[in-house]
Every structure is written in structure tokens, then in C-alpha cells.
Amino acid sequence: RDSRHPENVSFSRNLRDDLSRRDFTVNAMAFNEKEGIVDAFGGELDLKNRTIRAVGEPQKRFTEDALRILRAFRFAAQLDFEIEQKTLEATSVCAHLIKNIARERVGVEFKKLLATQGVSYSLQKMIENGVWQRTFETPAPHLEAINKLPQLKNGNFATRLCALIFQYSDEEKEAFLNSLRLSNDEKRLCLRLCKIKDFQIEDNSEKYPSGARRFLHLYNNIYDEAIEMLCFYNENEQAFLNTVNTERCKNNPLLISV
């Protein structure tokens, strides 16, 4: 009833019964030495075709646990698969059930999604099918920002998160970050990185050194993330970025300017 916990549990000695309750066909295979691979739902073919398909009736699988909706998008992004059409349509129909899922679980799954190389495909599909809107109740990010996400390091969710929401109002940023149940440190980091879009770069290149020192004063303790976001917001300012790197190396003899 709560899209998460079963009302009762019954046991079966039939392996197919067990596999029929798994989320996706690629996760619904088993193996034993007598029969080899047991694949009752076409998981091997879907692996070959790089397809995420719900086991049996997609709406029933998503009703059992609505987090599976987000997992479908995460698996597609992580594996560079596509979501089968009927399964994709069911994510839209069942998206309202995500409200029943603990926000901590939603946050963990979304952070995993952000760390994938195929993140742009899945975020676009989430928006097209209304899953983003029902999950976060905030405006959809701009398509330009979504398409640029793979340029950012996929191991750092904070920069990718900021790239998505930097165009939100301050209130929308707060609401979105709170909805993910981030730690206080994670939330503070994201909000600091979002402010880099307001950092003013002087038109006069002679003032670049002073501007670089000002940037380092503000962000030196989170330099890697900050410089990545500065590149994201100001991709045509390579000369200034080089100056920032040079100034940082001057103050730290262990660093080598590249």
C-alpha cells in the first residue's frame, strides 16, 4: 500500500516466482550448475540489445517499490542503455508514487544518477515523462545545462548538481537541496559553488592577476570544484583561468603550473 513494504510475505520453492518480483529483466536471471542460466523473462536478450525493461507488468513493478522508477533512469544512464517504451510510459503513470519514498533514498539514487556518463539522456527522459516534476516539484533544468553535464567530472556530484540548478532562484535552490536530504556540509558546498556564476571577471586582462587572487581568496579551499564551475559558467575565459592557476602556483611551490 505504501509503494515500498509488502502487506505480507509468502514463500515459494519455484525460482520463477522469485524472479517475477525482480525489478528489471537484466536483474531477473539466476544460475545453477544443473540448468545453467535461468532466464524466464528475456534478460539475456535485453542485455544484448542494451534495454531496460520491467519484469512483467511495469506499473505493477513500480507500484511495489516506486524507487524503481528512479533506478530505471539510473541504470539506463550508468549502462548506456535505453528504457523500453512500455516501461518508460509506466514511469510517467506511476511518478506520483515517488512521494511515498523516503527522501533519503531518493537523494541517494539521484546522486548515483548524476555520477553517470549517460546522465543527460536520463534527465531528459525524466523531464519529458513528468518524473522530474513529480519527484522534486521544482522547474525542469535548462536543456543546455543538462547537455553540458558530461563535461564535468562524473565523480563529483556537487558540481553537476550546481550546473543543473544554478538558474533557479535562491528559494528554489534551497527547496531542491532540502528535498535531497543532503548533509549540511554538502548543502553549503553546493550553495557556494552556485554563487560562482556571479563572480565578475574584469574585461581588462591587466586586472586578471588581482581578480585571480580574489577568486582564490574566496574558493581556494574548494579549488578543484570551484575552477570546474568557473569553466562551466565562463567557458570562453581561458586566459583568466590560466591566470588563476598561475597565481595559485606562485603561492604553493609544490604545485606546477600547466
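User: What should I know before reading the model?

Analyst: The model is predicted: local features need pLDDT of at least 70, side-chain atom pairs count only at pLDDT 80 or more, and totals for chains, interfaces and linings use all residues. Residues are numbered from 1 along each chain as its sequence is written, and side-chain values use heavy atoms, without hydrogens and water.

User: What volume does the second largest pocket have?

Analyst: A pocket is an open set of points on a 1 Å grid over the protein atoms alone, where a 1.4 Å probe fits, with protein on both sides within 12 Å along at least five of seven lines; lining residues have an atom within 4 Å of a point. Volume is the space filled by probe spheres set on the points. Here it is about 250 Å³. The lining has 13 residues, and Q151, L152, I227, E228 and C231 are the closest to the pocket centre.

User: Which helix gives the most to that lining?

Analyst: Helices are DSSP runs (H or I, at least four residues), numbered from the N terminus. α14 gives the most, six residues. Both α14 (223-233) and α15 (238-250) supply at least two.

User: How do I read the pairing of α14 and α15?

Analyst: Two packed helices are described by the angle between their axes and the distance between the axes. Axes are lines fitted to C-alpha atoms over the stretch in contact, and angles run from 0 to 180 degrees between N-to-C directions. The α14 and α15 axes come within 11 Å and cross at roughly 165°. Therefore α14 is roughly antiparallel to α15 (over 145 degrees).

User: Which residues of α14 and α15 make the contact?

Analyst: Contact means heavy atoms within 4.5 Å. α14 brings Y223, I227, L230 and C231, while α15 brings F240, L241, V244, N245 and R248.

Terms used:
Angles under 35 degrees count as roughly parallel, over 145 as roughly antiparallel, 65 to 115 as roughly perpendicular and the rest as oblique.
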